[in-house]
Amino acid sequence: MPLYKALFILTSPPAFSHPKDGERERERVSQMNILLAAVLGELTTRSINFLIENSFKTTAPGVEDRLRRILLRAQVIVDEAMGRQITDRGVLQQLDMLRDAMHHSYYILDTFRYQSNSEEETKGQVLSKSLYLLKVINSLQGLCSSSRSSQISEQLQKSLDDLSSMINDMEEIVVFLMSYPRIYRQPYSMHLLVENCMFGRQMETELVISFLLHTQPHAPKELEVLPIVGPGKVGKTTLVAHVCEDARVRDHFSEILFLHGHDLTGVDLAALKEGYVTEHRNHGSNSNGRRLLIVVELVGTLTEDVWNRLYSASIQHVPSGSKIIVTSRSDEIIKFGTTRPLSLKYLSHEAFWYFFKMLTFGSMDPEMHPRLARMAMEIAGMMNGCFIGAHVVGCLLRGNIDFHFWCKVLAFLRGNIKKHVSKFGLHPLDLINEKKPAHLGRMFIPSEDFVVHHEYQRSSQEDVPKIRMQDVIYGGVKAHGKFEALAWRSQIPPYHSYVTVCEIRRLKTAGTKRKRPMKNGVTLY
């Protein structure tokens, strides 16, 4: 029997007072035993809760401070490495491991900070109430909360140990970093680096460049092919664009040609160059042997017959030493490669949170806004690893540093995702990736539904719609029917603009019940 029921029974007067009624006396004794058991259980729970909380409070702050200091050291190493042209594959792999460990440690540290802040707020709200029952329930739930805090404390310690060991093992590599040439001048703020540079693909970039610059002195008359595979919007085109912008690649090849997926149908492959778009032509006097770099971006699948024709035509029309990069969502292109394929994956949950935090807070310190940071952490988990969604929502929040506005955005996203998962079984961003309609709604105009039919890319030379998607969803833009809206304009190569074909529909509201026609006092139907 619960404690509050036992207290109610014992403090209530007996319904009858018959001295000969022994059964009622035995019932009262039984109720007293129940009360004693409940009190003992409550004392035991409070004691365990007290010990766990005290143990947690004495160890966590010290671990937190030490982890914060070691993260600063890791951050310095990673930032310095991002500004260097590192060609050694072993060094790149160790830096990639250090970057992953840094993102994971930041995630654990932020989880600890913002959960602790949330628990203090919750306790303050509960203790401000005068009802004793609420205090009892809160104390009984405290054991679960303390157990979770203890679990996070262990993760803090493990992250500290792993990161410290990794940095100690990289002392020699840190010295070698200074010998590599610089790529660019480091910006003042980290959020500028995140917004204007490709995030988390340094190792992949150098692997592709290494493949392109590698030459075989007595190579046979064949083209080397590098397949790059990965899901949609993972960054395949962005990676290739950054590789093609590198000065080493531009000096090595006389021309860089792009062949998009839709060009493979209806183009005479014998006249190969007519289907290409020349992105770069080297007019210098260097002796690069007129080598060509051919980039084939596939939208759908590629049959073996079409590939054989494409490859044969390429051998006939391009000089020796030229190379091909093929990008696709399908793993079927791996068999067309002459070297190990490069597989791109979405950012880890921890890395995406680091990326989203930098975008959202910019030059602000998230620790100065713990309530906003806690909401941002939950919103980042709803983005499904989408770069475009991170930019749209992150810039929206950064432009509206208001607690109540962030609460509305969080509640709106929660309801939207819950509705899509229950109705369609998919996240709304997954529906857009599959070119299916997604009903995103409007935050301030609930009577209207904002439907995204599909999304496509436009080059940097093409005009873009004046209406922004975020102003339709989170603002009060007046629009009706079908139209196009700008989802996001990328600030990094290849500078694509992402445009959505969308529609605003007025939702049907339950109006007043229409009166049924009557004749002589009788309803007709």
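Student: In which loop is Pro494 found?
Tutor: This is a predicted model, where local features need pLDDT of at least 70, side-chain atom pairs count only at pLDDT 80 or more, and totals for chains, interfaces and linings use all residues. Residues are numbered from 1 along each chain as its sequence is written, and side-chain values use heavy atoms, leaving out hydrogens and water. Helices (H or I, at least four residues) and strands (E, at least two) are DSSP runs, numbered from the N terminus. Pro494 sits in the loop between strand E9 (481-489) and strand E10 (497-506).

Student: What is the peptide bond from Pro493 to Pro494, cis or trans?
Tutor: Most peptide bonds are trans. Here omega is near 10 degrees, and the bond from Pro493 to Pro494 is cis.

Student: Is Tyr495 buried, partly exposed or exposed?
Tutor: Tyr495 is in the loop between E9 and E10. Its phi is near 60 degrees, a positive value in a residue other than glycine. Buried means under 20% relative accessible area, exposed over 50%, partly exposed in between (1.4 Å probe, protein chains only). At 39% relative accessibility, Tyr495 is therefore partly exposed.

Student: What is the relative accessible area of Lys435?
Tutor: Lys435 lies in the loop between helix H15 (428-433) and strand E7 (438-439). Phi of Lys435 is positive, near 60 degrees. Lys435 counts as exposed because its relative accessible area is 57%.

Student: Over the face of which residue does Lys323 lie?
Tutor: Contact means heavy atoms within 4.5 Å. Not counting residues up to four places away in sequence, Lys323 touches several residues, including Phe211, Glu224 and Phe253. A charge sits over a ring if NZ of Lys or CZ of Arg is within 6 Å of the ring centre and within 35 degrees of the ring normal. Lys323, at 4.7 Å from the ring centre, lies over the face of Phe211.

Student: How many residues of H7 are buried?
Tutor: The buried residues of H7 include Glu204, Val208 and Phe211. Glu204 counts as buried because its relative accessibility is 11%. Leaving aside neighbours within four places in sequence, Glu204 is in contact with Leu239, Leu342 and Leu344. H7 is mostly covered, and of its 12 residues the buried number is nine.

Student: How many residues apart are Phe199 and Phe355?
Tutor: Rings of Phe, Tyr and Trp (its six-membered ring) pair if their centres lie within 6.5 Å; planes under 30 degrees apart count as stacked, over 60 as edge-to-face and the rest as tilted. The whole structure holds 12 aromatic pairs. Phe199 and Phe355 form a tilted one, 5.1 Å centre to centre with 40 degrees between the planes. Phe199 is in the loop between helix H6 (190-196) and helix H7 (202-213), Phe355 is in helix H11 (residues 349-361), and the pair links distant parts of the chain, the two being apart by 156 residues.

Student: Is the ring pair of Phe352 and Phe355 stacked, edge-to-face or tilted?
Tutor: Both residues lie in helix H11, three residues apart, about one turn of the helix. Phe352 is buried at 4%, and Phe355 is buried at 2% relative accessibility. Their ring centres are 6.4 Å apart and their planes at 45 degrees, so the pair is tilted.

Student: Which residue with a positive phi follows H12?
Tutor: Helix H12 (residues 370-382) has 13 residues and reaches 19 Å from its first C-alpha to its last. With phi near 60 degrees, the residue after H12 is Asn384.

Student: What percentage of the protein chain's residues is buried?
Tutor: The chain has 16 helices and 12 strands. Of its 525 residues, the buried ones make up 45%.

Methods. The expected span of a helix is 1.5 Å times one less than its number of residues.
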